[in-house]
Amino acid sequence: MEPASDSNWSPPPNKGMRRVSQLFLFPLPMEGERREEAKEEIPQIWKGISEREWNDWRWQLRHRITSFEQLREIIELTPEEIEGIKHSKGRLALAVTPYFASLMDPVNANCPIRRQAVPRIEEVHLSKSEMVDPLGEDKHSPVPGLVHRYPDRVLLLVTDQCAVYCRYCTRRRLVGSNERSITEGNFEEVLKYLKSHRKVRDVLISGGDPLLLENERLEEILSRLRALPHIEILRIGTRVPVTLPQRITGGLVRMLKKYHPLMISIHFTHPKEITESVRRACNELADAGLPLGSQTVLLKGINDKPHIMKKLVQELLKIRVRPYYIYQCDLVMGTGHFRTSIAAGIQIMEKLRGHTTGYAVPTYVVDTPGGGGKIPLQPDYVVSKGNGKIVLRNYEGKIFEYPEPNIIEFKKTRSNGEEKAVPKKVMA
Ligand code: SF4
């Protein structure tokens, strides 16, 4: 079978595209700043737009592709996609930014960008093991918009809107239906809950995509959370730097950097997503001192080959994004066609550890069905243990022995009126 995705992808010569080397896909620079050249191709249907419009994240959001008619102007839809789009109504919405659509291969339905964003008929095929809420978030939600699953950290869902709806989304039960943000009333309830739960030291702000909120609204949320003395760390989970990099403006970055320590977890999936615009967006965030990590869902036919994942993690390090997690695909309704075996994930880890920079090696996790939390998985490097030694294998399969230290425990005794410490037993 033809490889589903190609890490050395380059835009195909296509009648529907035009080269726009003079378009600047970035916010216009301040005087004296260097301006970078655009590399993306803009589909023909937007040929009349100005540079300023294309670079305007609000323009991109307003012009998202949400229908079969718009999509067929950009790509040659397959019967599976046409049926998938028909059936997506009332399920997970279809929405793709013009920018993300510009990365799609118009003729190859196995294009990794296209597979992530365009519904397919397989979404209506359900299996018994799939769930509406696979991580049990709803049952761990003490107030609307808040999930409290671990003792010291919470998940705050501030909007149900995303720039692009990923067809494998774990929160497909929530996202895309109303495209609304958390109400003032709900946010006050969240704050009240947090004030009475002082063990919580870490808030992950997610959704939907928090970076789709206007700066003022997002700042209000960040500042009020930051004002709680027991909240040490704030995190934002987002896919916007990948699907709508135009949103990473100077104004947004200046606002975010006021709320350190603030970490940004960016959802990347495939090396093809790392364009000049994405590089620019990540550079701006990193220059503001915001630690950047990546989260990647392991997806069949998209990134489930070791060479693709290796290319992705290495490219991420180059743009100062630390590969953080690879997730086994959750058991979400209608996503069976994206699921790989656990063995495929472990095989990928086998090909990363020792074969590339340690910083580039993420943790592979299964987020356990029902809300048991993340469990890390990796190849087994322990061949045997016992008799005072542990036998290990390295990334090349070579065998090494490591002698365990003798651990001596002491116990207190009293003899002739004096207290002494004597060895109790030797542990090996
Ligand atoms: S960006 Fe995240 S929340 Fe939004 S559709 Fe994709 S996976 Fe779901």
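Reader: Quick one to start: in which sense do strand 4 and strand 5 pair, parallel or antiparallel?

Author: Parallel, over five bridges, with strand 4 covering residues 153–157 and strand 5 covering residues 202–206. Keep in mind that this is a predicted model.

Reader: Noted. Which residue stands opposite Arg153 there?

Author: That's Asp202, in strand 5.

Reader: And what sheet do those two strands belong to, and in what order do its strands run?

Author: They sit in an open sheet of nine strands, ordered 3-4-5-6-7-8-9-10-11, and the pairing across it is mixed. Its edges are strand 3 (146–150) and strand 11 (374–377), each of which pairs on one side only. On average, neighbouring strands of this sheet are turned by 25° against each other, ignoring direction.

Reader: Which strands does helix 13 lie across?

Author: Helix 13, residues 342–352, lies across strand 9 (322–327), strand 10 (363–367) and strand 11. Its angle to strand 11 is about 55°.

Reader: I've been looking at Leu191. Where does it lie?

Author: In helix 7, which spans residues 184–195.

Reader: Why does Leu191 count as partly exposed?

Author: Because it has 17 C-beta neighbours inside 10 Å. A residue needs 20 or more to be buried, and 12 or fewer to be exposed, so 17 falls in between.

Reader: How far is Leu191 from Leu146?

Author: Their C-alpha atoms are 10.0 Å apart, and the two residues are separated by 45 positions along the chain.

Reader: What stands opposite Ile390?

Author: Tyr402, in strand 14. Strand 13 (residues 389–393) pairs with strand 14 over five bridges.

Reader: Last bit, the whole protein. How many helices and strands?

Author: It has 13 helices and 16 strands. Of its 428 residues, 37% are buried. Among contacts between residues at least 6 apart in sequence, 74% join residues at least 24 apart.

Conventions. Residues numbered from 1 in each chain as written. Predicted model: local features only at pLDDT ≥ 70, side-chain atom pairs only at ≥ 80, totals over all residues. Pairing = 2+ DSSP bridges. Helix = DSSP H or I, 4+ residues; strand = E, 2+ residues; numbered from the N terminus. Axes fitted to C-alpha atoms, helices over the stretch in contact; angles between N-to-C directions. Contact = placed C-beta atoms within 7 Å.
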